Amino acid sequence: MDVAAKSESKDNLPLLLTQSADPLKRTGISNGRLSGLLVNISLYGFAIAFVITTAISLRTIQNSFCYHNKGPEAACESVDAYYMLLFGAIQIVLSQIPNFHNIKWLSVVAAIMSFTYSFIGMGLSIAQIIEKGHAEGSIGGISTSSGAEKLWLVSQALGDISFSYPFSTILMEIQKASGIAVTVTTFVYLSCGGAGYAAFGDNTPGNLLTGFGSSKFYWLVNFANACLVVHLVGSYQVYSQPLFATVENWFRFRFPDSEFVNHTYMLKLPLLPTFELNFLSLSFRTAYVASTTVIAMIFPYFNQILGVLGSIIFWPLTIYFPVEIYLTQSSTVSWTTKWVLLRTFSIFGFLFGLFTLIGCIKGIVTEKIS
């Protein structure tokens, strides 16, 4: 649902964000440059998360068909790595699309798919609650054996929530679009999360649609997972194209006379329209997709990876830099009530991000060694 809003962004999104923060220059690296770096890191992180999520959905579809054709006792487990490689191969091809403006149609399709699978997951959860006659779970959340375990799970959940609100990937100037996107996102996430927990209780999966494998509406579950895959195929490009543009524009600025960097060839293949081929784009974008796929294969931990990404980018991009920009541009006097409140808010955001980051890293280490 937030993809449609992001489609309004330009190819040089990170550069624009960097320029917005330039008044905050300090000694050494400026806050503007640092914010631009963090934005690009967050875009890269989203790409990794999309690889993991797509593999989970493809595996769920395959297992669903297997169980319903061979019975619930059949050995239908599959390896996520195969699906990650398939997704990576598709993205290598799509990544050769010249720029952001050529994928507007893909962004629209992705947004429609997002609404579709979200409401299907919500509807199936509500149907399961009605069928059982009661809601699972409790006000205390998932049961744990100790208070420490509960604390770590809370930190990971907060990290996931941070990941769900990537304000920094939308231009600050698009205030109306941001407001609409956040409102719709909050409604859908809360509805799906609440309905999912009420349907599954302590067994609620990180990816809600994977919990309906035994549902009599398996065909609808498979359709929803297919919509999710289509959504992420488009979202990968929506998030990655601004990063592609930033890196390639930097190379073109640094090496204006390089044929490898600047020359574009027109290639015509049988039965296909003519398309542009640039060796810099071909090599960098292929390496980029390959790296996100490999990292996803090494750390295929859905919730924990999302939590780490959310923890890293939430405080600096959503709290610290906006607060600094506001204080600088509004010439707020130090130690006034407004200044103290905003500084306190920023410090609290830092502690919040640190807490969630530690918890999510612990989750990854626990999953890896187990």
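## Pocket lining

The residues lining the largest pocket comprise 28 nonpolar, 18 polar and 3 charged, where Ala, Val, Leu, Ile, Met, Phe, Trp, Tyr, Cys and Pro count as nonpolar, Asp, Glu, Lys and Arg as charged, and the others, Gly among them, as polar. This is a predicted model, in which local features need pLDDT of at least 70 and side-chain atom pairs count only at pLDDT 80 or more, whereas totals for chains, interfaces and linings use all residues. Residues are numbered from 1 along each chain as its sequence is written, and side-chain values use heavy atoms, with hydrogens and water left out.

The space in this pocket is about 1,800 Å³. Its 49 lining residues include Asp 160, Ser 164, Gly 193, Gly 206 and Asn 303, the closest to the pocket centre. Helix H6 (147-163) is among the elements that give two or more residues to the lining, and with 9 residues H6 gives the most.

## Nonpolar cores

A nonpolar core is a set of buried Ala, Val, Leu, Ile, Met, Phe, Trp, Tyr and Cys residues joined through side-chain atoms within 4.5 Å, buried meaning under 20% relative accessible area with a 1.4 Å probe and protein chains only. Within the largest core, which has 62 residues, Ile 52, Tyr 236 and Tyr 288 touch the most other members. Helix H3 (31-70) and helix H8 (218-254) are among the helices that each supply at least two residues, and H3 gives the most, with 13 residues.

## Cysteines

The structure holds 0 disulfides, a disulfide being a pair of cysteine sulfur atoms within 2.5 Å. Cys 192 counts as buried at 14% relative accessibility, and Cys 227 is buried with a relative accessible area of 2%.

How values were computed
Buried means under 20% relative accessible area, exposed over 50%, partly exposed in between (1.4 Å probe, protein chains only). Helices (H or I, at least four residues) and strands (E, at least two) are DSSP runs, numbered from the N terminus. On a 1 Å grid over the protein atoms alone, a cavity is a set of points where a 1.4 Å probe fits but cannot get out, and a pocket is an open set with protein on both sides within 12 Å along at least five of seven lines; lining residues have an atom within 4 Å of a point. Grid points are joined across faces, edges and corners, and a volume is the space filled by probe spheres set on the points.
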